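Dear colleague,

Please find the structure below, together with its sequence. My notes on what was found in it follow directly after.

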Amino acid sequence: MTIKWIVLLLASAASAATATERVELIIRGGTIYTGSDAPFVGDVAISGDRIRAVGRRLDYRAARVVDARGMIVAPGFIDPHAHLGEQLASDDARTRLISAFLMQGVTTALIGNDGGGDPDVAAVLGRARTRPVGINYAAYVGFGPVRRAVIGEADRAPTAEELARMRAMVSAAMCQGALGLSTGLFYAPQSFSRTDEVVALAREAASRGGVYDTHLRDESSYSIGLAAAVDEAITIGREAGLPVNISHIKALGVDVQGQAPAIIARIEAARRAGQRVTADQYPWSASGTSLVAALVPRWAQDGGRAALLRRFEDASVASRLRTEMADNLRRRGGPESLLITAGRHRGRRLSEVAGAADPTETAIAAIREADASVVSFNQTEADIEAFMREPWVMSGSDASAGHPRAYGSFARLYSEYVQRRRTITLRAFIERSTARPADAFGLVDRGRLRAGAFADIIVFDPRSYAARATYERPTELAAGVRAVFVNGIAAVENGALTGAASGRGLAHVPRAGSCR
């Protein structure tokens, strides 16, 4: 028998084996976007929690077939920035499903952002084993809890001994599976740090293969300015020796609107020099924050809330404090630009609450009651779209209560910026929501449709996928998602939640030999 005939017989045997092989599920006939390849019409086969095969026409027997004709089939979306820690740890099983994400096709989220991540990363990731969750999640160690545990709320530099303790906390968290170090240098007490302090902690993450993720010290003109804050982030990454991700990149407020091209140029220069610098972005012109964070200068927050409330009554600083708060309100776009989303003034603009009164005094009165969350309208569409077009910018939500971004960011990015404005293509939208974040944050076997990858998969209708959440009704679920699979288990079927909770805590594997 010739070699040619042997090859043909072997090929025939392989084809027969494939034809009789059984899988649990086939998603058939959809337009497949793998996360990194050109789209094609084909099938995806799933066995257990993994993808068995992806191809134009798979010849498997399946216990179940999902008809995806006319639908988009893509990897489950990955959100690099989501404030979901409380929901994922909730006593309520339905809350832990994270339905707002599943109904957009988001199957994985990174938590602990803005420097808020719990240093006990082992406990954070381990909860998913005893309290099932609807999505996968990975976690950062946060600069805020680390600094607060060692220094408190004080505006001062750490001593050598205190810095060593903070470094040890970051090191321990990295060895427990943290993705890296997260900072929110805009927020007190993190704002009291100097660059060299952050570099020292970032080196602990770098030596274990981690990432530096940062809410910039200034996204506006509050302190050092947007450009200098971007330079600081790049410097931290370069000196510590680790990748940098700029959270929710934006040009916030009237003083810096229009600066997106200059910021992009800075980041491009760092990337050309060999640094790994990325960013994530949500597709909304309003950010979400609190009255204190938006309006109160950082020096007035030294010592925490009790100290701030005393300063409101302190005649020696009252004039300075009110003048700076008024300027911060101007920077944000005035009282009409702040929509209060919690407390007794919920649903009203600061201008409505103030009426004929001084809006700064109105804000102080509200802060005395509680530090209410606000939606802050402070960005231009030109800046949003300029950042969005960059290949190093990923999709994100910055999911938080009171803002529609938790319920609609990915769906809005598609309906508004792919379909209506055509700012980016459908393929770019999917890749910046899947493979790019998987690669940037080292999420192994996530973010792509390929044999052997985890079966995190979304099936959505390109004609109806859209956000329904608005600033006035921020908790409306998105439309258009037909099916979602998380680790091979159906979390959404026929456009409805199944109640399945098959998410996992995803531990980063530290660099070999870096943990004792």
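**Findings: a loop residue and its surroundings**

Leaving aside neighbours within four places in sequence, Glu219 is in contact with Leu226, Ser247, His248, Lys250, Ala251, Leu252 and Val256. Please bear in mind that this is a predicted model. Glu219 is found in the loop between strand 11 and helix 9. Is Glu219 buried or exposed? Its relative accessibility is 6%, and because buried means under 20%, Glu219 counts as buried.

The side chain of Glu219 is joined to that of His248 by a polar contact of 2.9 Å. A polar contact of 3.2 Å also links the side chains of Glu219 and Lys250. By contrast, the C-alpha atoms of Glu219 and Arg57 are separated by 49 Å, and these two residues stand 162 residues apart along the chain.

His248 leads on to a further residue, His215. The side chains of His215 and His248 make a polar contact of 3.3 Å. His215 lies in strand 11, which covers residues 211–215. With 4% relative accessibility, His215 counts as buried. Which residues does His215 touch, if those up to four places away in sequence are not counted? They are Asp114, Thr183, Gly184, Leu185, Phe186, Tyr187, Ser247 and His248.

Helix 8 is mostly covered, with nine of its 12 residues buried. Among the buried ones are Glu197, Val198, Leu201 and Ala205. The length of helix 8 (residues 195–206) can be checked as well: at 1.5 Å a residue, its 12 residues should span 16 Å, and this agrees with its end C-alpha atoms, which are 16 Å apart.

Finally, there is the second largest pocket, which holds about 220 Å³ of space. Its lining consists of Leu185, Phe186, Ser191, Arg217, Tyr222, Ser223, Val296, Pro297, Arg298, Trp299, Glu324 and Asn328. By class, six of the lining residues are nonpolar, three are polar and three are charged. Leu185 and Phe186, which belong to this lining, are also among the residues that His215 touches.

With kind regards

Conventions:
Residues are numbered from 1 along each chain as its sequence is written. This is a predicted model: local features need pLDDT of at least 70, side-chain atom pairs count only at pLDDT 80 or more; totals for chains, interfaces and linings use all residues. Side-chain values use heavy atoms; hydrogens and water are left out. Helices (H or I, at least four residues) and strands (E, at least two) are DSSP runs, numbered from the N terminus. Buried means under 20% relative accessible area, exposed over 50%, partly exposed in between (1.4 Å probe, protein chains only). A polar contact is a pair of N or O atoms within 3.5 Å; within protein, one must be able to donate a hydrogen and the other to accept it, and residues adjacent in sequence count only if both atoms are side-chain atoms. Contact means heavy atoms within 4.5 Å. On a 1 Å grid over the protein atoms alone, a cavity is a set of points where a 1.4 Å probe fits but cannot get out, and a pocket is an open set with protein on both sides within 12 Å along at least five of seven lines; lining residues have an atom within 4 Å of a point. Grid points are joined across faces, edges and corners, and a volume is the space filled by probe spheres set on the points. Ala, Val, Leu, Ile, Met, Phe, Trp, Tyr, Cys and Pro count as nonpolar, Asp, Glu, Lys and Arg as charged, and the others, Gly among them, as polar. The expected span of a helix is 1.5 Å times one less than its number of residues.
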